[in-house]
Amino acid sequence: VAKGYAQTHGVDYEETFARMAKMTTVQTVIALEAAKGWNLHQMDVKNAFLQGELEDEVYMVQPPNFKSKSHPTSIRRLKKPLYSLKQATQAWHSKITQFLHQIGFRMSKSDNSLFIRSNSNGRIFIIIYVDELVVGGEHLIDIKKVKMHLSRKFEMKDMYKLHYFLGIEVIRTGDIMLSQCHYILNLLFKFGMMDHKP
């Protein structure tokens, strides 16, 4: 219905770029948890793209099963981005970036998906990867407060301690171990290679 493939640059979209977390940033914050005992939590944003705001004028035909009986051939202007639109990721990232600035976070100069807030209690940070967030810091109480702010603004699922992010499984057994076993098994399954020998 929302035919993103048919969009034309300069007509119904301008900007599509959205920042994504760098693997080195994720590895660094996991190392901070291991070395300094910091806390890392994970949150999943429900329907993230629908929480963004469209700046461009985008129109679409009515879905076949949801046509207006009084105006069955009319088209509709979208106010929210849908997943298939070219600017959906960028619109969501702009929305959450604006909110994080409002609650005192600043974007890192080395990684634009990393947001940091420092105060007398210590540091807290947020890493954004599309619709997943890693919230971490020195004090658990600060993490809980930030997660509460996020949940009030956006519909979110709290996944508590970081356990799986960007294909990396975080295993805590006294020490912290990183594994990509789950990711590899998914690849083997996808390509029908589960019975192959190593």
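**A guided look at the predicted chain**

Confidence in the chain is lowest in strand S2 (residues 59–61), with a mean of 78, and highest in strand S4 (residues 106–107), at 94. These values are pLDDT, the predictor's confidence in each residue on a scale from 0 to 100. The structure is a predicted model, in which local features need pLDDT of at least 70 and side-chain atom pairs count only at pLDDT 80 or more, while totals for chains, interfaces and linings use all residues. Residues are numbered from 1 along each chain as its sequence is written, and side-chain values use heavy atoms, with hydrogens and water left out. Over the chain, the mean pLDDT is 82, and 88% of the residues reach 70 or more.

The secondary structure amounts to 4 helices and 11 strands. Helices (H or I, at least four residues) and strands (E, at least two) are DSSP runs, numbered from the N terminus. The chain has 198 residues, of which 38% count as buried; buried means under 20% relative accessible area, exposed over 50%, and partly exposed in between (1.4 Å probe, protein chains only). Contact means heavy atoms within 4.5 Å. Among contacts between residues at least 6 apart in sequence, 61% join residues at least 24 apart.

In soluble globular proteins, nonpolar side chains tend to be buried together. A nonpolar core is a set of buried Ala, Val, Leu, Ile, Met, Phe, Trp, Tyr and Cys residues joined through side-chain atoms within 4.5 Å. The largest such core has 22 residues, and those with the most contacts inside it are Ile96, Leu100, Phe105, Ile126, Leu133, Val135 and Leu150. Two or more residues come from each of strand S1 (39–45), helix H2 (88–102), strand S6 (122–129), strand S7 (132–137) and helix H3 (140–153). Helix H2 gives the most to this core, with 5 residues. Isoleucine 126 is in contact with Leu100, Phe105, Ser113, Leu114, Phe115, Leu133, Val134, Val135, Val146 and Leu150, leaving aside its neighbours within four places in sequence.

Methionine 156 is found in strand S8 (residues 156–161) and is buried, with a relative accessible area of 12%. Not counting residues up to four places away in sequence, methionine 156 touches Met43, Asp44, Val45, Lys46, Leu133, Leu150 and Ser151. The C-alpha atoms of methionine 156 and valine 45 are separated by 4.4 Å, although these residues are 111 residues apart along the chain. Glutamate 33 lies in helix H1 and counts as buried, at 7% relative accessibility. With residues up to four places away in sequence again set aside, glutamate 33 touches Trp38, Leu40, Arg172 and Ile176.

On a 1 Å grid over the protein atoms alone, a cavity is a set of points where a 1.4 Å probe fits but cannot get out, and a pocket is an open set with protein on both sides within 12 Å along at least five of seven lines; lining residues have an atom within 4 Å of a point. Grid points are joined across faces, edges and corners, and a volume is the space filled by probe spheres set on the points. The largest pocket has a volume of about 200 Å³. Of its 13 lining residues, Thr28, Val29, Leu32, Leu114 and Ile116 are the closest to the centre. Helix H1 (23–36), strand S5 (114–119) and S6 each give two or more residues to this lining, and H1 gives the most, with 5 residues.

The structure also holds 1 cavity of 30 Å³ or more. Arg117, Asn119, Gly122, Arg123, Ile124 and Asp142 line the largest cavity. S5 and S6 are the elements that give two or more residues to its lining, with S6 giving the most, at 3 residues.

Backbone angles complete the survey. Most residues other than glycine have a negative phi, and most peptide bonds are trans. Valine 130, found in the loop between S6 and S7, has a positive phi near 50°. Tyrosine 160, whose place is in strand S8, also has a positive phi, of about 60°, although it is not a glycine. Tyrosine 160 counts as exposed, at 54% relative accessibility.
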